[in-house]
Amino acid sequence: MSDLQGKRVVIGITGGIAAYKTIELIRLLRKANAEVRVVLTSAAAEFVTPLTLQAISGSPVSQSLFDPAAELSMGHIELAKWADIIVVAPATADFIARMSVGMANDLLSTLCLATSAPILLAPAMNQQMYAQTITQENMAKLAQRGVKFVGPNSGEQACGDVGAGRMSEPSEIFTALCEQLVPKQDLHGLTVVITAGPTREAIDPVRYLSNHSSGKMGYAIAQAFAERGATVTLISGPVNLPTPANVKRINVISAQEMWEVAMESAVKNQLFIGCAAVADYRMADISEQKIKKTADNNELTLRLIKNPDIIASVAALDEQRPFVVGFAAETQNVEVYAKDKLQRKNLDMICANSVAGGAVFGEDRNALHLFWKNGEKLLPSCSKTELAQVLAQEIVEQFITR
């Protein structure tokens with residue numbers, strides 16, 4: 001059994017007959033040393049009692065969004081921040097429908113809307129309710145947003161029907177939960193270098209040229225590889241982000257600095273992922289003093305020269321060349337430009353997305369279209385954290401194939 005020491009799990013229980021099974025799930029979590037808080041909907045309280053759940057979990061059971069004692073300190077927000085994961089078991093068709101449209105009309109739905117933690121749902125309902133198109137659409141919508149599902153299983157149901165809709169067994173839910181909280185450590189021995197964030201090209205001592213990149217995607221990729229045991233070096237432009245756990249971070253400012261560090265690091269690593277938004281040009285001459293505005297001059301001309309092409313330079317290495325993954329952020333003709341860049345710069349894979357209208361920059365969600373020689377794959381919009389995990393797997397598979 002996995003050791004979940006220090007992991008904080010919120011268990012949500014909705015109104016289904018399978019609620020009695022969740023008691024065993026809580027017992028498994030407590031045996032694995034997890035901290036557990038239970039949130040009970042009013043309908044769920046018809047099937048299992050708060051007293052039983054409190055005794056099993058070792059913590060008070062939360063039931064109402066309007067509990068004066070809890071809400072004195074904005075209890076629902078604190079609980080949403082406290083959770084490392086929220087698991088809803090059973091998750092009824094009603095709860096899935098309400099969650100899919102972002103409702104927050106009870107404590108549990110509000111927690112799911114207010115948290116940044118991963119959410120795992122264990123559906124449980126009549127087989128005909130589960131088969132309904134609207135239920136499947138609701139689940140697909142939530143999955144696209146990054147919500148994970150475990151089950152349901154098939155078999156005889158409490159109503160006598162036979163079919164898909166039975167809640168997964170507590171042991172199955174526990175395993176799925178552990179996979180979310182304790183990612184598999186299967187990339188030990190793999191070395192990865194990733195560039196992330198923008199670069200800044202000085203104009204004078206107080207001004208610079210840059211772009212809107214937040215670095216979130218690159219940092220999420222670094223985290224995804226590190227969580228699976230890879231040795232990760234992150235070459236970062238100026239961003240306001242914490243360094244992911246178990247990642248070596250090297251800070252740079254300009255494209256020239258990033259190029260120098262990248263070339264030194266590339267030959268020491270098996271994978272090179274160029275996710276940074278590197279400035280294509282820099283000043284030909286940086287003013288030693290602040291450029292002053294004058295009353296008779298309404299224009300300012302800046303002479304720019306090309307920066308070194310980091311991703312092309314790495315891909316052109318003759319010896320100790322890593323597997324090279326590039327990014328293409330385009331405002332038009334995304335597929336055409338991405339395929340051209342893949343071939344022209346001799347990359348092994350390219351990850352393309354549209355940034356038309358400023359989309360993606362600074363946001364927490366993204367979508368990518370991956371291209372490689374004789375292949376492609378579309379990764380739909382989801383949180384950058386989840387997208388990075390899927391992307392890491394795709395990169396590893398292509399790397400192994402090569």
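Author: Buried means under 20% relative accessible area, exposed over 50%, and partly exposed in between, with a 1.4 Å probe and protein chains only. By that cut-off, 48% of the 402 residues in the protein chain are buried. This is a predicted model, in which local features need pLDDT of at least 70 and side-chain atom pairs count only at pLDDT 80 or more, while totals for chains, interfaces and linings use all residues. Residues are numbered from 1 along each chain as its sequence is written, and side-chain values use heavy atoms, with hydrogens and water left out.

The protein chain has 14 helices and 20 strands (DSSP runs numbered from the N terminus: H or I of at least four residues for helices, E of at least two for strands). Its C-alpha trace spans about 80 × 55 × 40 Å along the principal axes.

Now the pocket. On a 1 Å grid over the protein atoms alone, a pocket is an open set of points where a 1.4 Å probe fits, with protein on both sides within 12 Å along at least five of seven lines; lining residues have an atom within 4 Å of a point. The second largest pocket holds about 1200 Å³ of space, a volume filled by probe spheres set on the points, which are joined across faces, edges and corners. Its lining has 46 residues, and the closest to its centre are Ala276, Ala277, Val278, Phe327 and Lys341.
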